[in-house]
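The following note sets out points for a colleague who wishes to examine the structure shown below.

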Amino acid sequence: MDLRDLIGLVTANLRRTRGRVVTTALGVVVGTASVVVLVSLGVGLEHQALESLGAGVSEIHVMSTLPMATRPVPEVPTPARVEALPGVAWAVGLEPLRASVDAQMGQACLPAVRVVGVDPERVENLGFTCVAGDLDLARGRAILGARLAQRLAEQDGDVPAEALAGRGLNLYVARYGGDGSTMEKLLRVEVAGVLAPMGAGYDFGLYIAEREALAINGWLTSSRRDPARQGYPEMLVKVDDVRRADAVERGLAAMGLSFHSQRGQAESVGAYFEELQLQLGGVAGISLLVAAFSIANTMLTAIFERTREIGLMKALGARDRDVMAVFLGEAGTIGVLGGAGGVALGMAVNGMINLFGGQVDLLKQLYGGATGLHAFTPLWLPPAAVAFAALVGVLSGIYPARRAARLAPLAALKAR
Amino acid sequence: MDALIEVDDLHRHFAMGDQTVRALDGVSVSVAAGEFVAMMGPSGSGKSTLLYLVGGLDRPTSGAIRINGQELSALSDEALAEVRSREVGFVFQSFHLVPTMTALQNVVFPMVFARVPAAQREPRARELLHLVGLGDRVDHRPTELSGGQQQRVAIARALANDPPILLADEPTGNLDSRTGEEIMALLVRLNREAGRTILIVSHDPSVGDDVTRTLHLRDGHLVGEAA
């Protein structure tokens, strides 16, 4: 018996008992659908958790490239050279002011503000979005991090943070002399924009044009530095895919740079959710196990009813393995049909979850996210679920099929 | 003439509770190619048991069965299935057709297990149905055919893989006498024209007129033989 004959026989036999096949397959449909939904929810939760870690997951903070100043110029790790590494989306040099800066606006006065100089051409790379104003870092303009703006606004008459855009801001930069004297420089800037919240590292920062920061640092240290020749004290590197972060980090290390990232955290989050997905899949697998017993039961009933037919097949020359193949084929086909139906049902349920899950308050509270419940079906899941259901079908068919194959031909033929 | 079927001191015992039923108890017989042999005897005489043992549908308790010189008891289940597929064709009292298949599909069915190339199956099945007089009924299902017609389909099916031996277990038992005579006439024709060796089990004494030899069995023993 070749494969075409087998498919023909299996199809004909299943058609004969259509009703029973459908009800048995329904068990597999429910089991597969729960696997698809629960695993998708697990993946969705993982995505949310990674998102809540913020942009930091795919960012690498490179520390102090300045000691590299002794290197020959072509080897200085500038942003452009770092960007040439495979897996790097972009690299932005940061020029923080090397002094304590106090910020004053109206009634508000905040000490020790972190002021960072950024190349105006590259500000957009940092993924900034404004709640007010714009990102134009022309001379004399500054961008405020969300929490910094919020604190200034609170102290200055409790106005909304958005109202700060366009207002003037005084920055007092202190320089301490070796003889204990203090000199202070006032930098007047206009607030170009107020940023939306994007993670702790950014939210307390104040951003000015790189050229201005270099000038102030020059005044502070009495020496002017050229970043193109000497590199930056800090650099932010964004990887295009978190999975390539490892390779990027190796590249940075090879350039002699030290760095830190939130990737370790992201990895432990990933490992936790992998475990969770396995557990959820396992719970859903229990319903597939129930479906497996249902398939086995259906096949055993079929063998009981078709004993004479099995005897006839053997009388006509069918070998044990032919009989076995027919029954395994029937059980496997029930698995495939149920699996395909289950994937369709599961995807539909996932669609409903994504439509309405965001509005479920209880779940919002449970998961602490702003996005509620979210199901994400990875590409591998539907084919894997169908294959798994087919496997469940075949496995649950083994015992019945072996019983059918081992029936004594004459006794089977004479069965009533 | 060389023996096509050789049965030597064949025993087939069944356990029935504490008792052992000796369905066959030391039968030896030899059938030459081209013979038409009837096995007759009362119920429980062992004639059907002998027929199914010769056809490889059952295994003996002891003794030897040789088909074309091949000892059946030495064969594996798989090899025995091969014997059933290529060496013998069965015709049953209750026809045993698959009700969901057409006459044509029923005749094709054994060819599937003999791995006959797909392209050869239908033409051969049509030819066989034509041979048994059902050339115009190929697409009918068993429920749309009379008893005699169903038995003709079963005979065509038994010939599907062109086996040298046809084994018929009371093929006329479920038919009225006139239809039974027609089926017997068909078997005689297959024997005389195609030289097919046929073993037939029957209660009907008139069958003895059509065959070349009659074996009489009683209580598992061969008690007589008539040519």
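1. Arg114(A) is partly exposed, because its relative accessibility is 35%. The model is a predicted one. Arg114(A) forms a salt bridge with Glu234(A), and the closest N and O atoms of the two are 3.0 Å apart. This pair links distant parts of the chain: Arg114(A) belongs to strand 5 (residues 114–118) of chain A and Glu234(A) to strand 11 (residues 234–239) of chain A, 120 residues apart. Glu234(A), with a relative accessibility of 11%, counts as buried.

2. Over all chains, the count of salt bridges comes to 28. One of them joins Asp322(A) to Arg319(A), with 3.3 Å between the closest N and O atoms. Asp322(A) is buried at 4% relative accessibility, and Arg319(A) is buried at 8%. A network of salt bridges also links Arg16(A), Arg306(A), Glu309(A) and Glu330(A).

3. In chain B, Arg213(B) and Glu225(B) form a salt bridge whose closest N and O atoms are 2.5 Å apart. The pair links strand 9 (residues 213–218) of chain B, which holds Arg213(B), to strand 10 (residues 221–226) of chain B, which holds Glu225(B); the two residues are 12 apart. Arg213(B) counts as buried, because its relative accessibility is 11%. Glu225(B) is partly exposed, with a relative accessible area of 47%.

4. The chains may be described in turn. Chain A contains 14 helices and 12 strands, and 49% of its 416 residues are buried. Among contacts in chain A with a separation of 6 or more, 78% are between residues 24 or more positions apart. The accessible surface of chain A is about 19800 Å², and carbon and sulfur atoms account for 59% of that area.

5. Chain B contains six helices and 10 strands, and 56% of its 227 residues count as buried. For residues at least 6 apart in sequence, 70% of the contacts in chain B join residues at least 24 apart. Its accessible surface comes to about 9600 Å², of which carbon and sulfur atoms hold 46%.

6. Which residues of the largest nonpolar core touch the most other members? They are Leu129(B) and Leu187(B), in a core of 117 residues. Helix 3 (residues 103–113) of chain B gives the most to this core, namely eight residues. Another core, of 30 residues, lies apart from it and includes Val101(A), Leu187(A), Val194(A) and Leu206(A). In soluble globular proteins, nonpolar side chains tend to be buried together. Leaving aside residues up to four places away in sequence, Leu187(B) touches Phe36(B), Ile155(B), Leu166(B), Pro171(B), Ile198(B) and Ile200(B).

7. Strand 8 (residues 197–202) of chain B is mostly covered, with six of its six residues buried. Thr197(B), Leu199(B) and Val201(B) point one way from the strand, whereas Ile198(B), Ile200(B) and Ser202(B) point the other way. In a regular strand the side chains alternate between the two faces of the sheet. Strand 8 of chain B pairs in the parallel sense with strand 3 (residues 36–40) of chain B over five bridges, and also in the parallel sense with strand 7 (residues 165–169) of chain B over five bridges. Leu199(B) is the bridge partner of Val37(B) and of Leu167(B).

8. Chain B also has an open sheet of four strands in the order 2-1-4-5, with antiparallel pairing. Strand 2 (19–32) and strand 5 (70–71) of chain B are the edge strands, each pairing on one side only. Strand 1 (residues 3–16) and strand 4 (residues 62–67) of chain B run antiparallel and are joined by five bridges. Ile5(B) stands opposite Ile67(B) of strand 4 of chain B.

9. Helix 10 (residues 307–315) of chain A is mostly covered, eight of its nine residues being buried. Among the buried residues are Glu309(A), Ile310(A), Leu312(A) and Lys314(A). Just after this helix, Gly317(A) takes a positive phi of about 110 degrees.

10. On the surface, Phe388(A), Leu391(A), Val394(A), Leu395(A) and Ile398(A) form a nonpolar patch with about 410 Å² of accessible area together. Ile398(A) is in helix 13 (residues 381–405) of chain A. Ile398(A) is partly exposed, because its relative accessible area is 33%.

Methods:
Residues numbered from 1 in each chain as written. Chains lettered and ligands numbered in written order. Predicted model: local features only at pLDDT ≥ 70, side-chain atom pairs only at ≥ 80, totals over all residues. Heavy atoms only, no water. Core = buried A, V, L, I, M, F, W, Y, C linked by side-chain atoms within 4.5 Å. Buried < 20%, exposed > 50% of the residue type's maximum accessible area, 1.4 Å probe, protein only. Contact = heavy atoms within 4.5 Å. Patch = residues over 30% accessible without salt bridge, like charges linked within 9 Å, V, L, I, M, F, W, Y side chains within 5 Å. Areas by Shrake-Rupley, 256 points an atom, 1.4 Å probe, with all protein chains shown as cover. Salt bridge = Lys/Arg side-chain N within 4 Å of Asp/Glu carboxyl O. Pairing = 2+ DSSP bridges.
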